[in-house]
Structures are given as structure tokens and as C-alpha cells.
Amino acid sequence: MEINPLVIFMASIFTNNMILANFLGMCSFIAVSKEIKTAWGLGQAVTFVLTGTSILNYLIYHHILVPYDLEYLRFIVFIILIAAFVQLVEMIVERYVPTLYYSLGIFLPLITVNCAILGVSLFMVIRDYNLIQSAFFGLGSGIGWALAIVALAGIRQKIKSAPVPQGLEGPGITLIIIGLMALAFIGFSGIANVQ
Amino acid sequence: MTQIVITVGIMSSISGVLALMLTLANQYIANYGECTITINQDKEFVVEGGSTLLSTLNEQELFLPSACGGKGTCGLCKCAIHEGAGPVLPTETSFLTEEDKEKNIRLSCQVKVKSDMQLGIPEDLLNARKYEAVVESIKELTDTIRFLRIKITDNQEIDFIPGQYVQLLAPPYPGNPEEVFRAYSLASSSSEKDSIELIIGYVEEGLVTTYVHQFLEEGDQVSFNGPFGDFYLQKDSDTEIVLIAVGTGLAPIRSILYQMKEESIDRKTTFFFGAKTEKDLVLADEMREFEEILPNFSYKPVLSRLKDDDPWEGDRGRVTDSIEKYIDDAENKEAYLCGSPVMIESAVEKLKEKGFTDEVIFYDEFG
């Protein structure tokens, strides 16, 4: 059955959110969520990379790997393509938005191994999406990831002035917040369920 | 067989296309080309863009002071960038005051050279160079103060104004994995162009002082850069000179005394030197010699940690007590202070009580 790309788009933002439903891409999610501004910057970068790589990976997979029966090469191909794409994004950000480049620091190149990104490319293959669906899936997952990290950063900024028990400061309380956010996102699960 | 060829061929072509794409991007996006750096609207040089300003300047043999080696943690490599720096980066903000921002001061280790730049760098920094040298001798002046004589080995000559300092490099040593620079005042005569002398006190957990006191031996290779600093004798005046120092603050004063001897400056000079006990009066013999050579120079040590029954006949107390005792007013006097920030602060306060103004108080703070 052909699923409407818009449904995939909404589902990947809310019900199948990469972080809050699948728990993919946690590393930078926890590390770069101290401030809304940088979180938003990384969110944009991830969205861009996700959309770009899901389209490019779709094209390479279906037009090069499948015709030659080389599907088993998809991990290595996806990964080098993602790496090259991130490198390109890094060059562009460094050149044109140096402030963002410095505040993202090491986490910009680390998008390369953000498992949300490889995850999107692999889900797209497993779920047998077509090009349009893949593009919307990539874009939606990116927006979902950005939404989650900005929301988390917002909460963390608020919590800065709160008396958090000493043992829970930093990543500890952050993991609890993420868990609560994931529970909240379960509330969306009735809207659209796409697996 | 064909399967293998196809697999390898396809993998290679995918990698090849990506590599080509990145190379093109590198050519057109990450290539900042040649940039012209203009310093003080005077000197100009053309550099390859893309690296940080600090390292670019280093390549041009221009050494800005930097204690952390370009990691953006010491805040010493500040310089004015009037054009071509881009917005202030988050890594710089904690080091820049409002006044700095107004004057376009930036951290040169964080700013990258991406376009033509207009810089403002104090003239005396432009003379700084890097020197390779060897430790000729080490003398223990006290338990915690070492006197180093260092001979320059790379055929360069050092040209400095007495009172200035150099930055000594401590290489990685057990307990400290990174190179660090720290500033030390030159204690030697400026007429000696092929060697320098430093007086270095031990500071607990100090990275370079630990190196100097525990690892450095005679014959070791060292490197330093400099000279830096704007603490020196005002030569166009002929007022009385009041010199005030404690501990290793003696170093620049010693250099200045050599200068007075060599240039036959016979302005009336009084040197108040504070120490704890008599054995902390480093190089006291030399100071007495200066008293004999320089007709108008007098050396007035003051000791702060003496027992009441100690036979010491000189002054007791702190340098501020000596100021109180010997200086009546500020008329026709200039004061030169050198030592810890605490000493400087209290001495400056005392001098101001006596009527000294900021214009005639010069100091070198040992942080």
C-alpha cells in the first residue's frame, strides 16, 4: 500500500520521532542541548544533512546498488556518502556562519556518526519507500530531531536555576527529561502510525 | 570474477565521485586564497588564508604573547583587528571586556584569516622573535629562587629595553603533557646580546616554574620568545627614581641598574627591596656593588619576618613602611614597581597618599 508522503512526514516528526521514539542520535542530543541557539543551529544542520543524504542514498541504492545486486554494500556506501556530505556542510558552515561553526565545535563533524542519519537511510530501505516518500521521511525526521533538541534545550535553560540534586546535575537530569519527553510524545501515537 | 570487478568498480566510482566533489568544494568553498594582512597601516604581507591569525603571524615571525599555545584559554594573544575579522566568536567573549570590543580587540588564536585584514599591534610586540638557546648555568639564590643564564645558540642577537620580559617555553615533562609559555623579566644587561639572565621563583603547581626548578639542568636546550612589555625607565626625564620590588621582582630592576651603569645615568635613585628574612635578600652583594659604582644610588632592603632579637640593623616591615619612612613627597620623582599584584596594589596606594600621580607610577605586575 502506498503511504501518503505527508503522512510519513508528520509521523516522522511526532509519532516516530527519531530521538523520542527510536532513541537514535543521543550523543549530540545530550551534548549540544544546553542552549536553544546552538541546539537550533545543530537541528538545522541535522535536518539539512538528513534530507540531503536520504535523497542521495535513495538514488544510489535504487539506481546503482540494486541493479548490480550490491545491496549488501549499503552500509559502507551510505556511510561514506554521509561522511562526504557532512564534510561539505562543515565547509559551508565554517565559511558562511563562523559563529555557528565555533559554537557547534566538534559536534558538527560528529553528525557523520549520528545514528539518526544512518538510521533514516536504513529505515527507508527496509520500509521500501519511494523517492518522494524518502525525501519527506528524511525532512520530517530532521525536523523532528530539531524540534526535540530545541525543546530539550528550552527545558534545560529553565532548569539551570532550579535546585537539582547534586548527583543528578548535567547528563543525569537530562536523561530523565528525555524520558519524560518521550512519554509525552507517546501521546501523539494515535495521530498516524507508520512502521 | 565479474562480480568482484563490478563491486570494486562501483565502490571506486562512488568514492571517486565523492572525492571529486569534496576536492571541488575545498577549492571553491574552503579556499580563502591569498589574503593581505596590514599591520598598523604600515607593514603588509600576503599570506595563505584559512588558518588562525596567531599561527599565521607566527609563520611570518611575528610573535604575539600566548601562554596556552592557541587554545583560547589564556587570553594573552589579544590584538586589534580593525577589518576582516567577522563577528566575535563565542570562544572569545569571556576574554573581551566592553572596552576591548569598542577597540576591535580580538583573540588572535580564535580568529581565522579569511579575508584581507587590518591589524593594530603595539610596536614593541613587532620586535619579538623566537630564540633557540642553551642553559649555561643555574645558581640557587635561595631554596625557591633560581638564577638562570641562558646562551642564545641560533646566531641571533636579542635587542631589548631593560625592564622588558621574554616568554620561556617549557616542553612537555612528566606531569605536564603540553608545551606552555610563561613570562619572565630579563635580569641581564641589555648590552649583552648573545645571552640572557632570568630570576625564576618556584610557584607551587606552576607549570613552567616546576619545569625550571625540578627538571631543567645546565646544558639543556630551551627556547623563548620576546622581548615584550612596556615597563622600562623613562629616559627623557631627569627626575629622582624610586625603585620598589619584592622577591623575583628584582629581575627587571637589576637590568635597569645595569643600564644606568652603562649609560652613566646619575639620577638620584633609591631601591626599596622587600624580603622575608636576610637570606631572601637575593643578589644583595651585587646591589651593594651598584651602590659603589652609581654615586647616587642607594639600596634599602626591608625585611618583614624577623624575630625581635635578630641582629639585622636595616629596615624592618614591608616596602610600604619604607615608602612611608623615606619618601616625603612626590615632587620630581618617578616610581617603578615590580612584584606581586598585592604588593603593587598596596604600594601604589601608599605612593598616591604621598602625592604620586598615575603618570609617574610605572609597574610590572607578576601575575
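This is a predicted model: local features need pLDDT of at least 70, side-chain atom pairs count only at pLDDT 80 or more; totals for chains, interfaces and linings use all residues.
Accessible area here comes from the Shrake-Rupley method with a 1.4 Å probe.

**Entry 1: chain A overall**

I looked up the surface of chain A and got about 9100 Å², with 69% of that belonging to carbon and sulfur atoms. Next I checked what the chain is built from. I found eight helices and zero strands, and reading along the sequence gave me α-α-α-α-α-α-α-α. Of the 195 residues in chain A, 51% are buried. I also looked at contacts with a separation of 6 or more in chain A, and 79% of them are between residues 24 or more positions apart.

**Entry 2: a nonpolar patch on chain A**

Which residues make the nonpolar surface patch of about 460 Å²? I noted A:Leu168, A:Ile176, A:Leu180, A:Leu183 and A:Ile186.

I traced B:Arg305 to the loop between β14 (297–303) and β15 (315–316) of chain B. Is B:Arg305 buried or exposed? I wrote down exposed, because its relative accessibility is 53%.

**Entry 3: salt bridges**

Side chains of opposite charge can pair when their charged atoms come close. I went looking for such pairs, and the count is 22 salt bridges over all chains. I opened three of them.

The pair I took to begin with was B:Lys78 and B:Asp100, whose closest N and O atoms are 2.9 Å apart. This bridge links distant parts of the chain: B:Lys78 sits in strand β3 (residues 78–83) and B:Asp100 in helix α3 (residues 98–102), 22 residues apart. I checked the cover on both ends. B:Lys78 is partly exposed at 28% relative accessibility, whereas B:Asp100 is buried, with a relative accessible area of 14%.

Then I took B:Glu197 and B:Arg149, which form a salt bridge with the closest N and O atoms 2.5 Å apart.

My other pick was B:Asp358 with B:Lys352, where the closest N and O atoms are 2.8 Å apart. B:Asp358 counts as exposed, at 51% relative accessibility. I also noted a network: shared partners in salt bridges join B:Glu136, B:Arg149, B:Glu192, B:Glu197, B:Arg254 and B:Glu286.

**Entry 4: more on B:Lys352**

I stayed with B:Lys352 a bit longer. It is found in helix α9 (residues 341–353) of chain B, and it is partly exposed because its relative accessible area is 41%. What does B:Lys352 touch, not counting residues up to four places away in sequence? I found B:Asp358 and B:Ile361. I also compared positions with B:Asp329: B:Lys352 is 23 residues from it in sequence, and the C-alpha atoms are 9.8 Å apart.

I looked up B:Thr38 in strand β1 (residues 34–39) of chain B. B:Thr38 counts as buried, at 10% relative accessibility. Leaving out residues up to four places away in sequence, B:Thr38 touches B:Lys43, B:Glu44, B:Met117, B:Gln118 and B:Leu119.

Most residues other than glycine have a negative phi, and most peptide bonds are trans.

B:Gln41 has a positive phi, near 55°. It is in the loop between β1 and β2 (43–48) and is exposed, with a relative accessible area of 73%. B:Leu283 also has a phi near 55°. B:Leu283 is in the loop between β13 (269–275) and α7 (284–293), but it is buried, with a relative accessible area of 14%.

My last stop was the bond between B:Gly226 and B:Pro227, a cis peptide bond with omega at about -5°. B:Pro227 has its place in strand β11 (residues 221–228) of chain B.

Note on methods:
Residues are numbered from 1 along each chain as its sequence is written. Chains are lettered from A and ligands numbered from 1 in the order in which they are written. Side-chain values use heavy atoms; hydrogens and water are left out. Helices (H or I, at least four residues) and strands (E, at least two) are DSSP runs, numbered from the N terminus. Buried means under 20% relative accessible area, exposed over 50%, partly exposed in between (1.4 Å probe, protein chains only). Contact means heavy atoms within 4.5 Å. A salt bridge is a side-chain nitrogen of Lys or Arg within 4 Å of a carboxyl oxygen of Asp or Glu. Patches are made of residues with over 30% relative accessible area and no salt bridge: like charges are joined within 9 Å, nonpolar side chains (Val, Leu, Ile, Met, Phe, Trp, Tyr) within 5 Å.
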